[in-house]
Amino acid sequence: MEANRKVIIEVQDVVKQYLMGLNEVLALRGVSFKVYQGEYVSIMGSSGSGKSTLMNILGCLDKPSTGTYKLDGIDIAQLTEDQLAGIRNLKIGFIFQSYNLLPTLNVLENIALPGMYADLPREQRFERALEMGHKVGLDKRMDHMPYQLSGGQMQRVAIARALTLKPAILLADEPTGNLDSKTQEEILDLFDQLYRDGSTILMVTHELDVAERSRRMLSFHDGKQSSDIDLMFFKKQIEAMET
Amino acid sequence: MNYFEYLLMALRAIRSKKIRAFLTMLGLIIGVASIVVIVSLGEGNKKQIQDEIKKMGNDLVMVNIQGQSYLPQEAYAQICKAIPEIKNGTPLVQEALGVQFTSAYDQVNIVGIHPNFFKLTSQELLDGRLLNAYDFLRRQNVCVIERTAASQKMFGLNPRVGSVIRIQNQPFTVVGVIKHKDSQFVYAQNSIYVCSTTYRFLKPQPGFKQSLFAATDINLIPRMSKQIRTLIINNFHLNPDEVTVQSLSEFLKSAQQIVAKVTAVIGGIAGISLLVGGIGIMNIMLVSVTERTREIGILKAIGASQRAILFQFLIETIIISTMGGLIGIFLGLGIASFVAKATGLPSQIPVIPSLIGFTFSVLTGILSGFYPAYKAARLNPVDALRAT
């Protein structure tokens, strides 16, 4: 069944090493996996497992030392810095742990910002930003400044901003790390909704209960992938056992 | 790229730190304003001198003997005879002497001249007549006075044509009144003019130190100046250092050059403050890049290219320096016109210097903003995102 679906992320034998002071650190020791269109994948791992390094590579903020990474069919290793910027702009929607909104821009302008780098006309950018703001339930807060919002609301703005250019994949790096458990549930519900609407989501987390909300979980340990679990399968089994 | 959107972003960034932006601009404001003030006053001065040259009409050669030496009394006639290019001329002696009119007494500048003087320096006769060749040859005790507000004040009474005044206790009849005119030759206002032949009896002197000559043709003036100088040095055995022979336009031109040089030097010093302003901009922008490292990381993560970041920061410095330049021009024009009014110095609205100051200010902004902007553009997004 998976053979017929479009591959969004294809990582093959990716190794990443870098210098930390005088020590050479091997952050990723040969990682390979694929993410298909419409999947909701979580990457689980404790700190030091290499998941942040992997996230940077998947987000085209960094390049692998060896191995290949193809995003939506494009080989990242061949691209220049400005082409990478274009990929980040159009293909990737970033969601960060600390929201990373621009403090001088209001909600609408924050959501519309990626469109500026995509050279979208102003009206179209704001039209789309309004639409995305509606999607994440922020209709009434479009003219608020970030400091006037709660953590959950700021993360909603960040999600709307990530969605605004309809990227191939949403990359969420500990998206609920700074939120209380109630708000965490709300954000994860929103992710569920986006998943049902057809978005491809890849989420990095170190919390098992967050990872369990996804449909597929990749576990990382010490720079290597340790497991690949189809949570849908388990969920169905659990449901079957309960009934 | 949609430049207008970048402009809005930059304006917003500047507005969020107004005081800092203003302080950053201040260096440029002061620099541009002082350049505008200095150049506008300098230009005004130059224009005043030019106007004076135009007003003069006929160009004259002025001979000055410095130091202790004098030209002998007969020198004037000899020079006139020896050099055919000389159309006419006049010796010039002057000194403040005691003058009495009715019961009033004062020290007044007495000028001894040949009657040619009035024509050479285009004096305007208001009443009576000018001195003439007869007065000169017969050493008549007659004089011409200037009409100024000061002359009435000085004498208490207003001497008229026909009045008799006493110079050094010798009676002189006033034969004419001329309008006062500022000039390079006569040292004081409300001078009294007598024939140089008569002057000798008022104040015995071994000769004279100044004289004026007009040429038959204005183009002959440079040659004539040289001839006069050589003749004076050779015939009257004067040290070349003591003799200056200069045409009036030359003299004014050199005055003009001095003003221009002084303007350039002070303007250059003002230019240094522009440079300092530029360094201020660079400093603030570097601080700004460091402060906004995380923001730059975010922008890069959501797809800003290096070019976009570079442009975004550059446009901020361009706005700051443009505003600084504009404020500086208007401040400078305001100060210049105020100074001009307060001191009576002429001032010119200096269009070109303003433009130069403005352009230089913007250029300074771009140049000093480029390095910080480049630094921002080249930031590694991973490191930038990790910054706090």
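Predicted model: local features only at pLDDT ≥ 70, side-chain atom pairs only at ≥ 80, totals over all residues.
What share of the contacts in chain A with a separation of 6 or more is accounted for by residues 24 or more positions apart? The answer is 68%.

**Stop 1: chain A as a whole**

Eight helices and ten strands can be found in it. The radius of gyration of chain A is 18 Å, close to the 18 Å that the globule rule gives for 243 residues, so chain A is as compact as a globular protein of that length. Along its principal axes, the C-alpha trace spans about 55 × 45 × 40 Å.

Next, display the surface of chain A. Its accessible area comes to about 11,200 Å², and carbon and sulfur atoms contribute 50% of that. Of the 243 residues in the chain, 53% are buried. Colouring by charge brings up 27 positive and 33 negative charges, whose mean positions are 3 Å apart.

**Stop 2: strand E3 of chain A**

Select residues 40-44 of chain A, which form strand E3. Five of its five residues are buried. In a regular strand, side chains alternate between the two faces of the sheet. Show the side chains here: A:Tyr40, A:Ser42 and A:Met44 point one way, while A:Val41 and A:Ile43 point the other way.

Strand E8 (residues 201-205) of chain A runs parallel to E3 and is joined to it by five bridges. Strand E9 (residues 216-221) of chain A is also parallel to E3, with four bridges between them. Which residues are the bridge partners of A:Ser42? In E8 the partner is A:Met203, and in E9 it is A:Met217.

**Stop 3: helix H2 of chain A**

Select residues 81-90 of chain A, helix H2, where A:Leu84, A:Ala85, A:Ile87, A:Arg88 and A:Asn89 are buried. What covers these buried residues? From chain A, the cover includes strands E4 (66-71), E5 (74-75) and E6 (92-95) and helix H3 (107-117). Chain B also takes part, with helices H10 (293-301) and H13 (381-386) included in the cover.

**Stop 4: Gln210 of chain B**

Finally, move to chain B and select B:Gln210, in strand E9 (residues 210-215) of that chain. Is B:Gln210 buried or exposed? Its relative accessibility is 7%, under the 20% cut-off, so B:Gln210 counts as buried. Display B:Val93 as well: 117 residues separate it from B:Gln210 in sequence, yet their C-alpha atoms are 6.6 Å apart in space. Beyond neighbours within four places in sequence, B:Gln210 is in contact with several residues, including B:Asn64, B:Leu92 and B:Tyr187.

Note on methods:
Residues numbered from 1 in each chain as written. Chains lettered and ligands numbered in written order. Heavy atoms only, no water. Helix = DSSP H or I, 4+ residues; strand = E, 2+ residues; numbered from the N terminus. Rg over C-alpha atoms; globule rule 2.2 N^0.38 Å. Buried < 20%, exposed > 50% of the residue type's maximum accessible area, 1.4 Å probe, protein only. Contact = heavy atoms within 4.5 Å. Areas by Shrake-Rupley, 256 points an atom, 1.4 Å probe, with all protein chains shown as cover. Lys, Arg positive; Asp, Glu negative; His and termini not counted. Charge placed at Lys NZ, Arg CZ, Asp CG, Glu CD. Pairing = 2+ DSSP bridges.
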